[in-house]
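Please keep the sequence and the structure in view while reading.

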Amino acid sequence: MKDINPNRWRTIDIVIASVIAVAFGVIFWAWGNLWVITEGAFAFFPPSQTVLYGVWLIPAVLGGLIIRKPGAALYTELVAALVSGLLGSTWGLTVVWQGLAQGLGAELAFAAFRYQSFRIGTALLAGTLTGVSAAIFDFFVWNSETALWSYRIPYALITVLSGAVIAGLGSWALVRALAPTGVLDRFGAGRERATI
């Protein structure tokens, strides 16, 4: 029997979104350590380090592409940020607020298409908007003391680009790679694998 409300979360949606979130929460924590370690490599132009930023944005896009329900992008990004914070993120629990902002960016992209389009364009938009929301958060929370034109603006632009490429395109490619394996068969992404 077909579900009357396709936006209603099933138990499997909650479980898979949570698994994605927890896995990426651990990745976030490790990525934060990598960020700190690699700061010297970007000393020539510190804003360029944000080429790495997109990894922190993947769960929002990936969760939205797989679960395909309102709140999935926000849920996966927020829970991943919470896990990262609880594991001892370099930036403390402020990352929870950051995850909320980032998840909202991707959620807006999926909502703009009424949770009906999950093509590459939608994934790129979700990655871009989560990058925009991340850049805005950082603009005021982490970078407010830095120079506008030589640091904050390039930082924001590179963050948005990283979000589009790593989180948007990367998540779309990951879903395409997973779909033929059958692990997504209980989701729309798996059922349309023949047409992807």
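Is Leu-184 buried or exposed? In this predicted model, Leu-184 has a relative accessibility of 4% and counts as buried, because the cut-off for that class is under 20% relative accessible area. Leu-184 lies in the loop between helix H6 and helix H7, the latter spanning residues 188-191. Setting aside residues up to four places away in sequence, Leu-184 touches Ile-66, Val-175, Leu-178, Ala-179, Ala-189, Gly-190 and Arg-191. The C-alpha atoms of Leu-184 and Gly-63 are separated by 12 Å, although the two residues are 121 residues apart along the chain.

Thr-76 is found in helix H3, which covers residues 72-87, and at 0% relative accessibility Thr-76 counts as buried. The side chain of Thr-76 reaches two backbone oxygens, that of Ala-72 at 2.9 Å and that of Ala-73 at 3.2 Å.

| Residue | Relative accessibility | Class |
|---|---|---|
| Thr-76 | 0% | buried |
| Leu-184 | 4% | buried |
| Leu-124 | 31% | partly exposed |

Leu-124 lies in helix H5, and its relative accessible area of 31% makes Leu-124 partly exposed, because that class falls between the 20% limit for buried and the 50% limit for exposed residues. Together with Ile-120, Leu-161, Val-165 and Leu-169, Leu-124 forms a nonpolar patch on the surface, and the accessible area of these residues together is about 390 Å². Helix H5 (120-141) and helix H6 (148-178) each supply at least two residues of this patch, with H6 giving the most, namely three residues.

Helix H5 also has buried residues, including Thr-122, Ala-123, Ala-126, Gly-127, Phe-137, Asp-138 and Phe-139.

How far apart are the end C-alpha atoms of H5? They are 31 Å apart, which agrees with the 32 Å that the 22 residues of H5 should span at 1.5 Å a residue.

Conventions. Residues numbered from 1 in each chain as written. Predicted model: local features only at pLDDT ≥ 70, side-chain atom pairs only at ≥ 80, totals over all residues. Heavy atoms only, no water. Patch = residues over 30% accessible without salt bridge, like charges linked within 9 Å, V, L, I, M, F, W, Y side chains within 5 Å. Areas by Shrake-Rupley, 256 points an atom, 1.4 Å probe, with all protein chains shown as cover. Salt bridge = Lys/Arg side-chain N within 4 Å of Asp/Glu carboxyl O. Helix = DSSP H or I, 4+ residues; strand = E, 2+ residues; numbered from the N terminus. Buried < 20%, exposed > 50% of the residue type's maximum accessible area, 1.4 Å probe, protein only. Polar contact = N/O pair within 3.5 Å; in protein donor to acceptor, adjacent residues only side chain to side chain. Expected span 1.5 Å × (residues − 1). Contact = heavy atoms within 4.5 Å.
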